[in-house]
Amino acid sequence: MNAMMLCYALLIGLALPLGLYMGRALDTDRSTVMDRLFGPVESVLMRLAGVDRRASMTWSAYLLAVLKLHLLLIGLAWIVFMSQGLLPLNPDGIPGMNWDTALHTAVSFATNTNQQHYSGQVQLSYLSQTLAIVTLQFLTPATGLAVLLAITRTLLKRQTSSATTSTTVSTTVSTNASTTPARHGVGYDSSVGHCSVGNYCVGNYYVDLTRIVVRVLLPLSLMVALVLVWQGVPATYQGAQSVTMLDGGAAQVIPRGPVAPMVAIKQLGTNGGGWYGPNSTVPLENPTGLANLVETIALLLIPVATLIAVGVISGRRRLMMGIGAVMIAFSLITTTLIVVSERLPNAALAGLAVEGSPNLEGKEVRFGSDLSALWGSWTTQTSNGSVNAMHDSFNPLGGLGLLMDMFVNVTFGGIGVGLIGYLLYLMLAAFIGSLMIGRAPELFGKPLETREMRWISLAILAQPLIILGLTAITVAFPALTGNSNPGFHGLSQVLYEFTSAFANNGSGFEGLGDGTPWWNLTCVLALAVGRFLPMLVPLAVAGWLMEKRTAPQGRGTLSLEGGAFVGLTAGVIVIVNLLGFLPVLVLGPIAEQLTLP
């Protein structure tokens, strides 16, 4: 437990300065020293991409730009995976993937999920790993944060007196050539076809994406990769190495590659897809105690820092503190549950293991039960999904905690999208809270009406509909499941796979035969809906609300920053997820726990 608290302390201590840095580096409404440092690089990239960095977009144009880029990336990655046997940087002669596995892999990494129905070192060439996989591991988390920045400018940012009404027309152009317009208000630069008078601007997606990659993800990944190389993680383009075992006999083939850079962005970008099939349980991905500590902290570093950054950019520090308090409370509860569960002995090994020993099945002895359980909890509290132990071997209560983390999916969540998902529940809580005090539903003085609530409800209810629907169909046809366990745990395996896909997590209860067309194609559906609906609906709602007149605050206005509303939002999150998933949890991990001796 001391190791767990140390990791929490280090996380908060590192996230605070990083969040302050991100708040200043990513705020397009003010000029900083980072503009002079990174501006020339960003300008070159914008010119090469043919992007007018001065142009801002409406929310609908921003949304369309996100979808177009991701469709392009999915198509290119799909082609690379299927044709990798004909392409260079393939020293081990790995053939191309089947079309369905290639499609699942492309969609998985394009949705920041990294769910792997293949074994990385065996089925992907160096070109596929670096050009397709690592590129997506940078661009997809950056997209989540970019959409959050657009929502922050549109909905969360405190407006100055000159920009408080819908009749204000702002044509201010940033004096810094590497930034977007200084005011994301009405009608900027109609000649570029993005925003015209009468339309609200939310920023430029491509500029936001470039800033996040250049100013945040690349520098952090470089530092983490150097530490991992120092600790012994490979970073080479040479092929697999054949070595003779110390006790003689046949030679062993050890796969290598540029592993350290991928592991760095895998952890920092809430990605999770490992170079090797067993992920960070492999000593070549996670060789030492220090490497394990660095990779563990990296799981939550940027999601926690994002709360601070949004507080800096929006000026709503109290709101972010309240959200952060709820997230930390949820995190401590599920982490404690999982750690305590894994300290209990494995019932399947009764009489075989040392009496009272923790559950070490599927775990690296060098990490032990506590650090393995901590990693499992943190990786499911984000959309990361990397592992340093096999989740399928966790005790039933530990598996229950992992599932609950992914059902909630806003404890910290993926980069950007975790906070966006929390805003969905905040909007629902604002609707309920306003009615409870006899006020017309509103959010930050903007009326919440039928159109907004219809889409908010759809984005929240899509999760149980997709997960439970696909789980029911799969278990109804045993030939489709491919699960390695009968009974309650077999149901948990199927439930976990679809939950992991929809939550854009990527981890799994291994032992499931998921490399089939059924699993690949159904998971593609869960991956796409789970990524784009909860991420883009809040952007649309923010755009709709921005067009409405702001009502003046009065004594009866619902305070979104008070303790009562923070508690209401937390209650809404718990109740919605309990109502949706308690029955299937009773049939899965809870029933399994009750049957143990």
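The mean pLDDT of the protein is 89, and 92% of its residues reach 70 or more. One stretch to treat with care is residues 161-193, where pLDDT stays under 50. The model does have 82 contacts for that stretch beyond four places in sequence. Still, where pLDDT is low, the predicted coordinates should not be read in detail.

Now let's go inside. The largest nonpolar core has 164 residues, and Y62 and L443 are the ones with the most contacts inside it. Helix α6, residues 126-156, supplies the largest share of this core, with 17 residues. Take a look around Y62: leaving out residues up to four places away in sequence, Y62 touches a list of partners that includes M57, A146, V147, A150, Y205 and L539.

Next up is a pair of helices. Two packed helices are described by the angle between their axes and the distance between the axes. For α7 (residues 205-231) and α8, that angle is about 125 degrees and the axes are 8 Å apart. If you want to see who makes the contact, look on α7 for residues including L217, L220 and V224, and on α8 for residues including A260, V263 and L268.

Two asparagines are worth a stop too. Most residues other than glycine have a negative phi. N112, though, has a positive phi of about 65 degrees without being a glycine, and N279 also has a positive phi of about 65 degrees. You'll find N112 in the loop between α4 (99-110) and α5 (120-123), while N279 is in the loop between α8 (259-268) and α9 (289-314). Buried or exposed, how does N112 count? N112 counts as buried because its relative accessibility is 0%, under the 20% limit. N279 counts as buried as well, at 4%.

Last stop: G368, in helix α11 (residues 368-381). With a relative accessible area of 16%, G368 is buried. Setting aside neighbours within four places in sequence, G368 is in contact with L360 and K363. For a sense of distance, G368 and R317 are 51 residues apart in sequence and 38 Å apart in space, going from C-alpha to C-alpha.

Definitions and conventions
Residues numbered from 1 in each chain as written. Predicted model: local features only at pLDDT ≥ 70, side-chain atom pairs only at ≥ 80, totals over all residues. Heavy atoms only, no water. Helix = DSSP H or I, 4+ residues; strand = E, 2+ residues; numbered from the N terminus. Buried < 20%, exposed > 50% of the residue type's maximum accessible area, 1.4 Å probe, protein only. pLDDT = per-residue confidence, 0-100. Contact = heavy atoms within 4.5 Å. Core = buried A, V, L, I, M, F, W, Y, C linked by side-chain atoms within 4.5 Å. Axes fitted to C-alpha atoms, helices over the stretch in contact; angles between N-to-C directions.
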